[in-house]
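Welcome, and thanks for taking a look at this one with us. Here is a short briefing on a ligand site and an aromatic pair.

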Amino acid sequence: MKSTTTYICKSCAYESPKWIGKCPSCNNWNTFEEKKNIPKKQQKRMQGIAKKAAPLTFQNTSEQRYKTNISELDNVLGGGFIKDSLVLLSGEPGIGKSTLTLQICEKIASLNKKVLYISGEESPTQISNRASRLGIQNELITIISENSLENIIATLNQEEPDFIIIDSIQVISSESANSLTGSISQVRLATEVLMEFAKKNNKAMLVIGHVTKEGNLAGPRTLEHLVDVVIHLEGERYQNLRLLRGIKNRFGPTSEVGIFEMTQNGLTEVKNPSEKFLEDRKENSIGSILTVTLQGNRPFIIEVQALTNTTVFGYPKRTASGFDVNRLNLLIAVIQKYTGINLTNQDIYVNVIGGIRINEPAADLAVILAILSSYNQKPLPSNYVAIGEVGLSGEIRKTTQMAKRQKEVEKMDLILKSYINSNNIKDLSKIL
Ligand code: TYD
Ligand code: MG
């Protein structure tokens, strides 16, 4: 009997009967990996054992949770870590996953629970050094440095910790999977085995997984459907702000976002982000305006800046940080068409302050106003907050969750400007 082989994309799990260089689904190169299928004849015949079905009961999950009392985190988790579940913490390398995790360890240990930190990346000395820099010390936290899945399971059976950390899933491998460490089959196998351990033994487990910006490092994206909860830590590496997003949650909502700041003492919670962003804002600056963005359910006020400059050579440059550059090009086209301003010889740079990424059209109006302000060299009132989606015929539209945004603006004692009544961006030239 011939065994069949399929090829699976490490990035998006697309399957192909033959090896291909470029994935037709996610367009990444060299992501295919061999996966042996067991021939039908060798597969066991379907002989299951009937199970007794249990009635649907109301569960009070609060008793089964470990609350960390880091409320920005607890909210994202839906109330804390669940005892027989596996949480995947994903994020780019260097973003602060291990730092946050150590802080979590301390909180769980302070609940009088045994914590085991399994690191395949750093030595116990390195972790201890970081812990002492963070001022973390608790006898209930133990550390081992281990990469072998078999050794990890044996250690877990012996040590019987309540809370388990795996840092990171990409460096764990098993002898039974015939492929390289970090490959999709190793990462999947390790996750499945660890998950089964957590469920059988009623343990809470936090597994760290590295992802690149595009999400195509072997693992986490394809693990999302295996695990119970996925939380994602993001931010610009050289800026301090970090957002913790709920991506998937079998036990709670996924719309929550936790906000942190990377400081010398690790990640600290940011309770009022608007205040933080307004802290060092200059009065009367040219090419700058505020807007309200919604991250998860949380509205907060941030500054959008633009700079226009006459192009010296070649094509005009259009660069955006924290904003989609295609959307920027579209808005520039709309400005040109409806205000008559010629931007074809202007380099245009747009920057969202604080390392935040705005993915919603609500910021269109702010971007346009910032560009016009820079182009005309005229400042806008520094207490104006612009919100509005701009359409292809230059019309200014209302955006979602206006009431929530309005409330945040009022809370910060600012003035909401949506210019909905002016209806078209050509009227904006009057105010600039
Ligand atoms: P780390 O948690 O190691 O990232 P990850 O596990 O996601 O790869 O964080 C690394 C960065 O965080 C490193 O550049 C230093 C910085 N950092 C601080 O700014 N403050 C701190 O207290 C700590 C521990 C790290
Ligand atoms: Mg790390």
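This is a predicted model: local features need pLDDT of at least 70, side-chain atom pairs count only at pLDDT 80 or more; totals for chains, interfaces and linings use all residues.

**The shell around ligand 1**

- Three elements, α2 (97-109), α3 (124-133) and β13 (257-263), each supply at least two residues of the shell around ligand 1.
- The biggest share comes from α2, which gives three residues.
- There are 16 residues around ligand 1, and those that come nearest are Gly94, Lys97, Ser98, Thr99 and Thr263.
- Sorted by class, the shell holds eight polar, four charged and four nonpolar residues.

- The side chain of Thr99 has an N or O atom 2.6 Å from an oxygen atom of ligand 1.
- From the backbone, a polar atom of Lys97 lies 2.8 Å from an oxygen atom of the ligand, and a polar backbone atom of Ile95 is 3.4 Å from a ligand oxygen.
- Ligand 1 taken alone exposes 560 Å², and the protein buries 73% of that.

**Aromatic pairs**

- Searching the whole structure turns up three aromatic pairs.
- One of them joins Tyr14 and Phe32 edge-to-face, at 6.4 Å centre to centre with 85° between the planes.
- Tyr14 sits in the loop between β1 (4-9) and β2 (15-16), while Phe32 belongs to strand β3 (residues 32-37), so the pair ties together parts 18 residues apart in sequence.
- Tyr14 is partly exposed, at 34% relative accessible area, whereas Phe32 counts as buried at 7% relative accessibility.

Terms used. Residues are numbered from 1 along each chain as its sequence is written. Chains are lettered from A and ligands numbered from 1 in the order in which they are written. Side-chain values use heavy atoms; hydrogens and water are left out. Rings of Phe, Tyr and Trp (its six-membered ring) pair if their centres lie within 6.5 Å; planes under 30 degrees apart count as stacked, over 60 as edge-to-face and the rest as tilted. Helices (H or I, at least four residues) and strands (E, at least two) are DSSP runs, numbered from the N terminus. Buried means under 20% relative accessible area, exposed over 50%, partly exposed in between (1.4 Å probe, protein chains only). A residue is near a molecule or strand if one of its heavy atoms lies within 4 Å of it. A polar contact is a pair of N or O atoms within 3.5 Å; within protein, one must be able to donate a hydrogen and the other to accept it, and residues adjacent in sequence count only if both atoms are side-chain atoms. Accessible areas come from the Shrake-Rupley method with a 1.4 Å probe; for residues, only the protein chains shown count as cover. Ala, Val, Leu, Ile, Met, Phe, Trp, Tyr, Cys and Pro count as nonpolar, Asp, Glu, Lys and Arg as charged, and the others, Gly among them, as polar.
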